[in-house]
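Here are my notes on the model you sent over, as numbered points. Have the sequence and the 3D view open while you read.

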Amino acid sequence: MPTFMDKIPLKTRGEGDIRDITKQVQKITQKSGIKNGLVCIFNSGSTGAVTTLEYEPGLLVDLPGALERLAPKDASYQHELHWHDGNGHSHVKASIIGPSLTVPLKNGHLLLGTWQQIVFVELDVRPRSRNLLVQLIGEP
Amino acid sequence: MPTFMDKIPLKTRGEGDIRDITKQVQKITQKSGIKNGLVCIFNSGSTGAVTTLEYEPGLLVDLPGALERLAPKDASYQHELHWHDGNGHSHVKASIIGPSLTVPLKNGHLLLGTWQQIVFVELDVRPRSRNLLVQLIGEP
Amino acid sequence: MPTFMDKIPLKTRGEGDIRDITKQVQKITQKSGIKNGLVCIFNSGSTGAVTTLEYEPGLLVDLPGALERLAPKDASYQHELHWHDGNGHSHVKASIIGPSLTVPLKNGHLLLGTWQQIVFVELDVRPRSRNLLVQLIGEP
């Protein structure tokens with residue numbers, strides 16, 4: 001049973017930068033030779049998240065807006081007392097959305113909806129270099 | 001190593017319709033012949049989510065209540081400016097809960113808790129036809 | 001293709017007790033003999049959640065703080081009318097974070113970030129005994 005791993009390098013602009021990584025995941029899937037099984041997309045880090053979203057300009061504003069209700073930037077965070085890096089709210093949001101997404105694969109195709117893209121949500125306050133992991137597992 | 005995929009068709013009544021799909025996932029698991037491994041339940045679409053919940057009438061009101069705090073229906077959504085379909089809040093909630101759930105499988109049994117059911121959470125504002133994907137991977 | 005399952009027993013102190021289980025997951029991974037693939041950590045139960053977090057004292061306060069905004073303890077919950085166990089808010093938070101986390105494995109190593117730990121988030125109002133499930137699947 002084969003497994004296959006590759007990375008998606010990203011340079012983000014910091015907080016609120018949401019990136020459509022669907023095409024990169026599809027390319028890695030094709031390269032893998034795995035046709036049926038699961039694809040896991042994972043962010044190694046505690047201030048970014050992976051989920052799906054209809055990737056259109058309105059929601060790129062609306063999703064950060066809702067996350068701001070959950071963990072407002074100007075609230076008080078204990079994380080700040082230890083680290084002074086101003087990103088306590090980033091960590092909290094990342095843990096609630098989660099770093100991991102698992103998508104089924106059939107005949108080499110990711111079974112996403114028509115208006116559903118795989119996205120990385122940058123939540124950290126400064127630009128970051130990310131290497132998202134894409135792990136496939138299944139049958140050739 | 002075998003993989004197996006099947007679908008769960010659902011006709012939902014729209015926003016706030018939470019459906020217990022545990023039995024359907026169990027039936028597909030039995031049909032698959034896979035005994036040990038992982039089951040991934042996935043919503044192909046950007047306005048519904050998959051998670052677990054104690055499926056009792058009170059929580060079917062309480063979960064939508066908390067999601068309303070996160071993304072109130074009557075807040076302003078940029079998604080509306082582009083699409084005019086009144087479901088900006090639906091997309092936001094779906095992305096935060098997430099479209100995917102992965103459950104361990106042992107000796108053919110889903111290892112859920114006694115009061116834990118697998119649920120689909122319809123978040124769109126209108127009734128929808130859904131085809132949830134159930135992907136198994138593991139050992140016979 | 002091998003699969004391997006083991007459990008992590010935990011005795012929690014109740015609501016807001018967040019536990020770093022990274023070392024336990026690493027030990028199970030080593031014991032499994034599986035080198036490349038996926039590790040799924042799952043909470044069998046509807047009042048606890050699994051995610052990742054930078055495990056430092058500040059965020060152990062900040063994450064519960066944000067969850068309290070989402071589902072305040074002193075709000076009214078329909079769950080209470082049926083069960084009178086005072087944990088309606090616990091269920092809601094658990095469903096939104098989710099019971100399951102999937103992490104890629106390479107050459108026997110969990111591919112976490114330097115400041116990223118796997119955590120169990122106890123959300124129930126009383127101390128609980130938990131048995132987290134760790135399911136591995138992949139190549140030896």
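1. Let me begin with strand E4 (residues 48-53) of chain A, which is mostly covered, since six of its six residues are buried. Buried here means that 20 or more other C-beta atoms lie within 10 Å of the residue's own; with 12 or fewer a residue is exposed, in between it is partly exposed, and C-beta atoms are placed from the backbone. Helices (H or I, at least four residues) and strands (E, at least two) are DSSP runs, numbered from the N terminus. On one side of E4(A) sit A:Gly48, A:Val50 and A:Thr52, on the other A:Ala49, A:Thr51 and A:Leu53, and all are buried. In a regular strand, side chains alternate between the two faces of the sheet.

2. A word on the ground rules. This is a predicted model, in which local features need pLDDT of at least 70 and side-chain atom pairs count only at pLDDT 80 or more, while totals for chains, interfaces and linings use all residues. Residues are numbered from 1 along each chain as its sequence is written, and chains are lettered from A and ligands numbered from 1 in the order in which they are written.

3. Which strand does E4(A) run against? Six bridges join it to strand E7 (residues 117-122) of chain A, and the two run antiparallel. Strands count as paired if DSSP finds at least two bridges between them. Within this pairing, A:Val50 stands opposite A:Phe120 of E7(A).

4. Chain A as a whole has four helices and eight strands, in the order β-β-α-β-β-α-α-α-β-β-β-β along the sequence. Its radius of gyration is 16 Å, close to the 14 Å that the globule rule gives for 140 residues, so chain A is as compact as a globular protein of that length. That radius is taken over C-alpha atoms, and the rule is 2.2 Å times the number of residues to the power 0.38. Of the 140 residues of chain A, 56% count as buried.

5. Now to where chains A and B meet: the contact takes 34 residues from chain A and 28 residues from chain B. Two residues are in contact if their C-beta atoms, placed from the backbone, lie within 7 Å. On the chain A side, the largest share, nine residues, comes from H2(A). By class, that side has 18 nonpolar, 10 polar and six charged residues. Here Ala, Val, Leu, Ile, Met, Phe, Trp, Tyr, Cys and Pro count as nonpolar, Asp, Glu, Lys and Arg as charged, and the others, Gly among them, as polar.

6. How are the two copies related? A rotation of 120° with 0.0 Å of shift along its axis superposes chain A on chain B (RMSD 0.0 Å), and the copies are thus related as by a three-fold rotation axis. They use different surfaces, as 18% of the contact residues of chain A recur in chain B. The superposition is by least squares on the C-alpha atoms of residues with pLDDT of at least 70 in both.

7. In chain B, look for the open sheet of five strands in the order E1-E8-E3-E5-E6, with antiparallel pairing. Strands E1 (3-11) and E6 (109-110) of chain B stand at the edges, each with a single partner strand, so one side of each is left without a neighbour in the sheet. Further in, B:Leu38 has B:Pro104 in E5(B) as its bridge partner.

8. Finally, helix H4 (residues 88-97) of chain C has 10 of its 10 residues buried, so it is largely enclosed by the rest of the structure. After H4(C) comes C:Gly98, whose phi is positive, near 105°.
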